[in-house]
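Morning, everyone. Please look at the screen while I talk. I'll take it piece by piece.

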Amino acid sequence: MSGELETPSQAIKDYLGYSFAPLEHFSFMLRDEGELRGLIGPRELPRLWTRHIVNSAQVAEFLPPEDPNEEFSIRLADIGSGAGFPGIVLAAMRPDIEVTLIEPMERRIEWLDDVVSEMGLDNVTLIHGRAQEAMQRKRAKKFHLVTARAVANMKKLAPMVSPLLYVDGRLLALKGRKARQEVEEARHVLKRSRLIKVKVHELPSPAAPDDPEEITRVVEALRI
């Protein structure tokens, strides 16, 4: 394996709280098998926590608060889950939410199945296929939230995600520096896809709050 696994700072441990322990186990799995199974590149281990786990974890700031009196579970779909970002991270952080990981590549589904089993994530379901295929299945369920990270630009992502969402459901897409440009270029597609009130949130990283390179950008949109 190329590079050493990044050592998480105390700030990261404090931010993740009780979910740090399962996510540390997830990081060890990626250290041992991630590159061998084609899930992460050789340069990712030294920044695994800062660039990938914490970046994914910040999506949790947009999830509804835990409510022990809630009569039904919130359902979240993570499309193109890949190595497990952000889906596995969010599932570990929010065991009260039903998380469905949708991934078209068989070797990645096999990896995700191993992770779910080894981490004991009983709130996770796997779907082997593309987002569009997920809605064509018998008894296909819609979702209150859909997340995506490094899946497609907003023009392609919007029509892909919209059919998965309930009315008043929300898209939460992790994006890079060109997030605002992507949203602007996709404004007509977003409207046709019934995704409105589109916001680009820029969050300082709890791992490196003063580093502009580590800003997490989340595009949030409401389905009508």
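One term before we start. A nonpolar core is a set of buried Ala, Val, Leu, Ile, Met, Phe, Trp, Tyr and Cys residues joined through side-chain atoms within 4.5 Å. And keep in mind that this is a predicted model.

Now, the core itself. The largest nonpolar core has 45 residues. Which of them touch the most other members? They are L23, F26, I88 and W111. Several elements each supply at least two residues: α1 (10–16), α2, α3 (48–57), α4, β2, α5 and β5. The element that gives the most is α4, with 6 residues. There is also a second, separate core of 28 residues. Among its members are A131, V146, L157 and L190.

Stay with W111 for a moment. Setting aside neighbours within four places in sequence, what is W111 in contact with? The list is F26, M29, L30, E33, R37, L39, G82 and A83.

W111 is also one of the buried residues of helix α5. So, on to that helix. Helix α5 covers residues 106–119, which is 14 residues. From first C-alpha to last, α5 reaches 20 Å, close to the 20 Å expected at 1.5 Å a residue. Its buried residues are I109, W111, L112, V115, V116 and M119. Look down the axis of α5: these buried residues fall within an arc of 160°, so they line one face of the helix. Why can that happen? An α-helix has 3.6 residues a turn, so residues three or four places apart point the same way. On the other side of α5, E106 and S117 are exposed. What do the buried residues pack against? Four elements: α2 (20–33), α4 (87–93), β2 (98–103) and β3 (124–128). Just after the helix, G120 takes a positive phi of about 65°.

Next, a strand. β1 pairs with β2 in the parallel sense, over 5 bridges. Within β2, I102 stands opposite I79.

Last stop: S162. Find it in the loop between α7 (154–161) and β5 (165–175). Is S162 buried or exposed? Its relative accessibility is 7%, and the cut-off for buried is under 20%, so S162 counts as buried. The side chain of S162 makes a polar contact with the side chain of R223, at 2.9 Å. Not counting residues up to four places away in sequence, S162 touches S193 and R223.

Conventions:
Residues numbered from 1 in each chain as written. Predicted model: local features only at pLDDT ≥ 70, side-chain atom pairs only at ≥ 80, totals over all residues. Heavy atoms only, no water. Buried < 20%, exposed > 50% of the residue type's maximum accessible area, 1.4 Å probe, protein only. Polar contact = N/O pair within 3.5 Å; in protein donor to acceptor, adjacent residues only side chain to side chain. Contact = heavy atoms within 4.5 Å. Expected span 1.5 Å × (residues − 1). Arc of directions from axis to C-beta. Pairing = 2+ DSSP bridges.
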